[in-house]
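Subject: Structure handover

Hi there,

Here is the structure I promised to pass on.

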Amino acid sequence: MKSKGFHWAGLCFAVAMVIMFQACDKETVVVEEKTPPKEVTTTKAAVNEVITVVDRPAVTERNDYYVSNREPLAPSVLIKLPVGSVEADGWLLSYLERQRNGLTGNLGKISAWLQKNDNAWLSDDGKGKWGWEELPYWLKGYGNIGYLLNDAEMIAETKIWIEGALNSQRENGDFGPVHHAGGGRDYWGNMIMLYCLQSYYEYTGDQRVLDLMTKYFKYQLTVPDEKFLTAYWQRIRGGDNLHSAMWLYNRTGDAWLLDLAKKIHRNTADWTSRGHDRGIIKCRKHKRSGTEWPEWFGDQIDWHNVNHAQCFREPAQFYLLSRDPKDLQATYDNFKIIRDYFGQVPGGMFGGDENCRPGYDDPRQGIETCGIVEQMNSNEHLLRITGDTFWADHCEEVAFNTYPASTMADFKSLHYLTSPNMVVCDQKNHAPGIDNRGPFLIMNPFSSRCCQHNHAQGWPYFVENLWMATPDNGVCAVMYSASSVKVKVGDGTEVRIIEQSNYPFEEQIRFVVKTPKALCFPLYLRIPGWCENASVRINNSKVSADLTAGKFIRIERTWKAGDVVTLDVPMQTKVRTWAKNHNSVSVDYGPLTFSLKIKENYVKFDSVETAIHDSKWQKGADTANWPSWEIRPASAWNYGLLLNINKPELSFKLSKKPWPADNFPFTTDSMPLVMTAKAVKIPEWSLDEHGLCAELQDSPVQSNQPIETVELIPMGAARLRISAFPVIGNDANAKKWRESEPPAEYEMVVPTSKQQPATWHYTFEKPAGGWFKSDFDCKGWKQGKGMFGTKGTPNVRVGTEWNGSDIWMRREFKLDSITPDLKLAIFYDEDAKVYINGVLALEVKGYTTDYAIKTMSEAAFKSLYQGSNTIAVHCKNTTGGQGIDVGVAGVVKYDKFGF
């Protein structure tokens with residue numbers, strides 16, 4: 001079986017391609033097309049038709065109509081078409097429309113970072129309260145959706161921000177908001193805006209974009225190295241700056257831009273390096289308690305999940321200038337390293353949570369929505385650079401299986417983290433099970449300020465990269481979805497090709513050629529790496545060619561209006577075994593991975609109350625129209641699969657359902673493909689102490705439960721899912737599953753203000769000594785209802801405003817009984833000390849984003865009385881929002897499965 005893991009054949013091909021690129025020069029290299037490589041099948045159906053199967057388009061020519069790499073850059077293998085050349089259809093068009101009608105299209109009305117008042121992106125001097133990455137993150141997707149849908153309102157809104165960026169350029173050439181970090185100017189936000197400007201230029205041809213970029217890059221060239229890309233984010237992500245410099249070079253030919261490219265590369269974090277000391281790795285670093293730091297952890301310069309998905313490609317981008325095979329190899333190696341240790345899971349991504357942590361590599365670990373769309377963008381870049389079909393296969397794998405589950409189907413909210421094994425999407429704090437403290441799993445429209453804005457680029461960029469031009473004045477369908485492309489080919493005539501298919505949910509893709517005259521040009525179609533028996537028909541006549549998986553079929557012929565090419569990509573059920581992840585298995589059907597169908601129970605919540613701590617929204621935004629959603633399981637999920645040992649693919653039966661009337665196949669009710677399989681519950685597999693799907697254990701697994709028939713659905717349609725399954729065994733090798741400690745559920749014995757606002761005595765002035773003791777006289781203090789804090793702090797329901805640095809609070813509470821499971825329920829922002837009956841019960845640093853359950857000190861617990869008790873609190877705040885509230889909780893039950 002061909003694995004969907006790391007593409008070693010692609011790697012070998014890439015090295016060979018590097019050697020060819022170094023030798024290729026349009027003026028000096030002659031390729032005899034009549035003598036194709038031995039592995040290529042060639043047929044001549046007529047004098048005007050030549051069909052070959054190739055690893056990639058040849059680079060011995062340069063496209064006459066679309067911007068390609070100039071010398072001395074390595075020649076372009078595949079060439080991005082201008083924005084608007086490709087139009088979406090089918091389910092992909094439905095996605096763009098849902099984005100427009102959902103969060104992407106309305107974020108300008110609700111996100112604080114997108115308000116025009118006091119926005120640094122619209123100021124002349126680069127100053128303003130709002131102005132960093134959020135605006136250009138959003139605009140990358142919002143503007144391009146407007147262009148793709150030809151939506152006048154969205155295009156007009158985009159133009160406001162584009163004009164703001166163009167008008168912000170200062171005399172020295174710098175532009176945009178002025179930020180300083182790490183001892184120098186922070187260029188990160190500008191790197192994103194350059195993407196927006198490039199798309200705008202492709203759509204309009206506005207010369208001002210080239211003028212701005214030329215002046216800006218001349219300015220960057222004057223900045224001393226010691227002050228260039230100094231801060232963390234821009235240093236790690238310098239590859240985006242490099243891409244834009246090369247983009248401009250290919251349009252102007254200014255040789256000094258190559259000097260800038262070298263400067264950007266040498267000041268960007270070294271993504272080619274290995275064997276670092278941990279101190280050089282600047283991302284937040286954690287490992288599993290009780291384990292040692294592995295030696296391999298030093299083989300990446302950064303382990304932040306988004307950084308890796310976005311930046312692992314930088315050496316390949318610089319390879320275009322260096323032509324050093326080691327640079328291209330480094331990108332392939334980076335991809336392999338992170339997946340060897342954190343990506344032994346289905347769906348194409350890896351377990352990064354916020355930062356990849358040694359010891360946390362289970363399929364229940366997540367990836368940021370930012371990481372998903374940045375991985376897709378990286379794949380699209382690398383596909384153009386290398387022509388390696390591996391990157392197209394991988395982009396589809398991520399787009400079809402991981403990305404759809406990161407958002408609600410209506411695209412009105414999203415969550416920060418998405419996992420292959422995800423059985424709860426709630427507002428609870430699951431740290432340290434995941435590397436984020438707070439409500440990072442709930443679907444919230446206001447949370448996750450980076451993902452909230454950045455997710456918008458995923459689908460429009462995917463649309464734009466479905467089709468690419470080729471060096472021989474042809475066109476290539478590199479990824480598949482219903483769409484159409486307008487492209488100049490052959491002698492420069494513009495043709496339109498309509499792609500008709502419900503791929504990846506069906507196996508046939510039809511291409512209808514619309515041309516104003518008979519025209520000779522090459523059409524390339526990718527043969528997916530997972531497809532073993534692809535076939536092509538032209539006007540219903542089968543093409544005789546060896547369509548090898550992972551290659552392109554090149555059809556050069558004189559095309560006439562109405563010609564139809566049909567590509568059949570038979571999909572087979574295949575089972576992958578993840579040996580490095582407890583011998584778990586996943587099930588594929590073509591490019592789709594299947595997950596257990598879990599009944600999803602959606603529960604609505606107030607988005608303001610469930611937002612992450614740094615969330616912000618515009619004053620006057622109607623938050624009631626933008627609720628949050630918990631998704632809880634309403635059916636069992638703790639199944640292991642029964643497999644046919646010799647032929648595991650025979651363990652599954654595929655059924656096809658009618659195509660959904662709303663043209664949207666990514667929900668549990670609308671998916672058009674369903675598998676059935678035999679499975680057995682594993683009673684001991686439940687939620688763990690962190691409230692997450694407990695980690696996998698070694699397969700095969702023992703279970704004495706009855707055999708059941710379960711349904712599996714496409715992974716992208718399952719927002720709750722088990723995608724990496726244990727395998728049930730009955731022989732001596734089967735192991736008993738060790739039961740997890742399930743999460744505790746609590747009821748409030750002494751209510752917090754969330755349930756019943758209590759009256760506290762409080763003061764903002766430092767009180768006399770002994771203020772926390774039971775017999776302290778606080779009659780001179782003020783009285784007010786909890787919670788104490790400032791409005792706008794996430795999850796803070798202000799009963800009494802506190803906006804100073806310190807607050808001291810006291811109240812009495814009664815206990816009817818004292819049970820051994822009593823704990824403190826506390827919300828704090830920031831540092832707090834809690835006393836019970838004059839005894840220090842708890843001291844905490846930092847902040848929470850929701851109420852946390854904390855164990856009180858043994859001395860404080862022993863001080864509790866049946867009857868009246870005193871609680872005293874001191875909280876100190878230094879920056880940002882603030883809030884403090886305390887109650888007492890008791891354990892009431894264990895919720896083992898999240899129901």
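In which loop does Asp 118 lie? Asp 118 is in the loop between α3 (103-110) and α4 (134-149); helices here are DSSP runs of H or I with at least four residues, strands are runs of E with at least two, and both are numbered from the N terminus.

A word on the basis: this is a predicted model, in which local features need pLDDT of at least 70, side-chain atom pairs count only at pLDDT 80 or more, and totals for chains, interfaces and linings use all residues. Residues are numbered from 1 along each chain as its sequence is written, and side-chain values use heavy atoms, with hydrogens and water left out.

Back to the backbone. Most residues other than glycine have a negative phi, and most peptide bonds are trans. Asp 118, not a glycine, has a positive phi of about 60 degrees. At 42% relative accessibility, Asp 118 counts as partly exposed (buried is under 20% relative accessible area, exposed over 50%, partly exposed in between, with a 1.4 Å probe and protein chains only). Asn 837 also has a positive phi, near 50 degrees, and sits in the loop between β35 and β36 (839-844). With 13% relative accessibility, Asn 837 counts as buried.

There are cis peptide bonds to look at too. One runs from Gly 786 to Met 787, with omega near 5 degrees, and Met 787 is in the loop between β30 (782-785) and β31 (788-789). Another links Asp 829 to Glu 830, with omega near 20 degrees; Glu 830 belongs to the loop between β34 (823-829) and β35 (831-836).

Now the strands, where pairing requires at least two DSSP bridges between two strands. An open sheet of seven strands has the order β4-β11-β12-β13-β18-β15-β16, with antiparallel pairing. Its edge strands, β4 (86-88) and β16 (541-542), each pair on one side only. Within this order, β11 (residues 483-489) and β12 (residues 493-500) are joined by seven bridges, and Val 489 stands opposite Thr 493.

Strand β2 (residues 49-54) has five of its six residues buried, so it is largely enclosed by the rest of the structure. β2 pairs with β17 (residues 552-559) in the antiparallel sense over six bridges, with Thr 52 bridged to Arg 554.

Finally, Arg 811 in β33 (residues 806-815) may interest you. Arg 811 is buried yet has no salt bridge (a side-chain nitrogen of Lys or Arg within 4 Å of a carboxyl oxygen of Asp or Glu). The nearest side chain of opposite charge, Asp 885, is 5.4 Å away, with Lys and Arg counted as positive, Asp and Glu as negative, and His and the chain ends not counted.

Best wishes
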